[in-house]
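Please look over the sequence and the 3D structure before reading on. The briefing below is meant to be read with both of them in view.

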Amino acid sequence: MNPWKAQKQPFIILAPMAGYTESPFRRLIREIEPSTILVSELVSAEALRRNNEKTLRMIDFTPEEKNYYGVQLFGSEESAFIEAAKMVEDIGADFIDLNLGCPSPKVINSGHGSALLKDIDATQKMIKKLVQSTRLPVTVKMRLGFYDDDDIITNAQKLEAAGISALAIHGRTTKQKFTGKASWEKIYAVKEHLSIPVIGNGDITSAQIAKDRLKNLDGVMIGRASLRNPWIFRQVRALFEGKPVPQKPSLSEQLDFFQRHAELATAFKNEKWAMIELRKHFAHFLRGFHGASHFRSQLIRVSSIKEMQSIFDEIKATV
Ligand SMILES: Cc1cc2nc3c(=O)[nH]c(=O)nc-3n(C[C@H](O)[C@H](O)[C@H](O)COP(=O)(O)O)c2cc1C
């Protein structure tokens with residue numbers, strides 16, 4: 001049986017986001033909504049097989065992330081994917097996700113990420129070998145196409161024939177990068193032609209939008225909105241289950257979330273790293289209250305938990 005089918009449905013997935021969806025953030029999301037499926041940020045298969053220390057650290061996860069946690073690999077070499085997959089298997093992750101979506105020039109100029117969409121037959125052959133070589137389910141996250149979305153259905157069918165277990169589609173082409181609106185119609189059309197789970201991704205900013213977009217799909221993947229509202233996953237699950245949508249927590253509870261993030265990140269590496277991590281998150285968060293931009297500009301410079309706490313105290317006293 002396809003192991004994805006044992007997960008709670010419709011699937012709700014935290015989209016991989018380089019520099020954001022590291023282990024501490026993933027754990028927090030899992031705490032907020034236990035049914036959220038987690039994926040690492042993109043990780044170079046080549047760097048992994050070379051035992052690059054920093055890359056090895058990037059795939060690390062805690063037991064709380066298990067069931068269901070996948071490592072996203074990017075690359076183009078079949079042998080690198082196969083060796084990296086073995087390493088992912090050895091650390092006990094639940095699935096391997098392949099990146100066929102990254103539009104970054106550095107990645108596509110090396111023939112990685114969404115550049116793999118340019119020669120789908122070669123990509124299909126490579127993925128087939130990978131699927132045969134690992135006992136973990138292999139999934140793909142792709143764009144609608146590289147230049148245009150004309151071949152999305154046949155491309156998706158070829159990936160399914162290669163043996164992947166699920167397919168997530170970001171409703172934009174590589175050329176579009178992050179411009180314009182994600183187009184979901186093509187994702188619905190793909191689902192009509194595939195029997196594996198198909199997950200839609202792009203521009204979901206609320207539980208209602210997630211519900212409206214789901215249609216015939218098996219799940220939704222949410223990225224940027226979760227940086228502003230990590231509680232979106234709980235809200236989406238509630239709405240999928242026909243329950244009232246829980247409100248976003250109070251400002252004070254939001255600050256507690258950061259406190260916990262700082263603690264988890266410090267335990268995962270150290271305080272210095274934790275603060276560098278959190279600064280990125282502060283830039284997206286803490287909006288919509290009096291003085292928010294002033295506090296945000298202070299928080300994106302903090303270098304210790306103590307400093308962060310004293311700004312939090314100030315916010316609590318002001319708001
Ligand atoms: C900062 C950032 C980093 C991202 N890193 C990755 C990545 O490592 N792997 C990947 O497949 N997609 C990556 N993406 C794309 C997201 O997973 C997602 O497809 C995209 O943001 C659209 O979904 P959204 O509108 O819900 O954010 C990244 C996006 C952002 C904004």
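What follows is a set of notes on this model, grouped by topic.

This is a predicted model, in which local features need pLDDT of at least 70 and side-chain atom pairs count only at pLDDT 80 or more, while totals for chains, interfaces and linings use all residues. Residues are numbered from 1 along each chain as its sequence is written. Helices (H or I, at least four residues) and strands (E, at least two) are DSSP runs, numbered from the N terminus.

**Domains and their contact**

- The chain is divided into domain 1, residues 3-240, and domain 2, residues 251-318, with bounds that come from an automatic or database domain assignment.
- The centres of domain 1 and domain 2, taken over C-alpha atoms, are separated by 29 Å.
- Eleven residues from domain 1 and eleven residues from domain 2 make up the contact, where two residues are in contact if their C-beta atoms, placed from the backbone, lie within 7 Å.
- On the side of domain 1 that touches domain 2, the elements that give two or more residues are helix H1 (23-32) and helix H10 (225-228), and H1 gives the most, with five residues.
- By class, that side of domain 1 has six nonpolar, two polar and three charged residues; here Ala, Val, Leu, Ile, Met, Phe, Trp, Tyr, Cys and Pro count as nonpolar, Asp, Glu, Lys and Arg as charged, and the others, Gly among them, as polar.

**Around the ligand**

- There are 22 residues around the ligand, of which Ala15, Met17, Leu42, Gly223 and Arg224 come nearest; a residue is near a molecule or strand if its C-beta atom, placed from the backbone, lies within 6 Å of it.
- Sorted by class, the shell around the ligand has ten nonpolar, eight polar and four charged residues.

**Nonpolar cores**

- The largest nonpolar core has 76 residues, and Ile13, Leu73, Ile96, Ile164, Leu167, Ile199 and Val220 touch the most other members; such a core is a set of buried Ala, Val, Leu, Ile, Met, Phe, Trp, Tyr and Cys residues joined through C-beta atoms within 7 Å.
- A residue is buried if 20 or more other C-beta atoms lie within 10 Å of its own, exposed if 12 or fewer, and partly exposed in between, with C-beta atoms placed from the backbone.
- Not counting residues up to four places away in sequence, Ile164 touches Ile127, Val131, Val138, Thr139, Val140, Leu159 and Ile196.
- Another core, of 15 residues, lies apart from the largest one, and its members include Ala262, Ala274, Met275 and Leu299.

**Helix H9 and the residues beside it**

- Within helix H9 (residues 207-214), Ala207, Ala210 and Leu214 are buried.
- Seen down the axis of H9, these buried residues fall within an arc of 60°, so they line one face of the helix; the arc is that of the directions from the helix axis to the C-beta atoms.
- The buried residues of H9 pack against strand E9 (219-222) and helix H11 (232-240).
- Asp203 is placed in the loop between E8 and H9, and Asp203 counts as buried because 20 C-beta neighbours are inside 10 Å.
- Lys215 is placed in the loop between H9 and E9, and Lys215 is exposed because 12 other C-beta atoms lie within 10 Å.

**Backbone geometry**

- Most residues other than glycine have a negative phi, and most peptide bonds are trans.
- Asp203, a residue other than glycine, has a positive phi near 70°, and Lys215, which is not a glycine either, has a positive phi of about 40°.
- The peptide bond from Gln9 to Pro10 is cis, with omega near -10°, and Pro10 is found in the segment before strand E1 (11-14).

- Gly200, in strand E8 (residues 198-201), is buried, with 28 other C-beta atoms within 10 Å.
- Leaving aside neighbours within four places in sequence, Gly200 is in contact with Ile169, Gly171, Trp184, Ile187, Arg213, Leu217 and Val220.
- His261, in helix H12 (residues 251-268), is buried with 21 other C-beta atoms within 10 Å, and among the residues that His261 touches are Pro24, Phe25 and Leu28.
- Ile300 lies in the loop between helix H14 (292-299) and helix H15 (305-318), and Ile300 counts as partly exposed because 14 C-beta neighbours are inside 10 Å.
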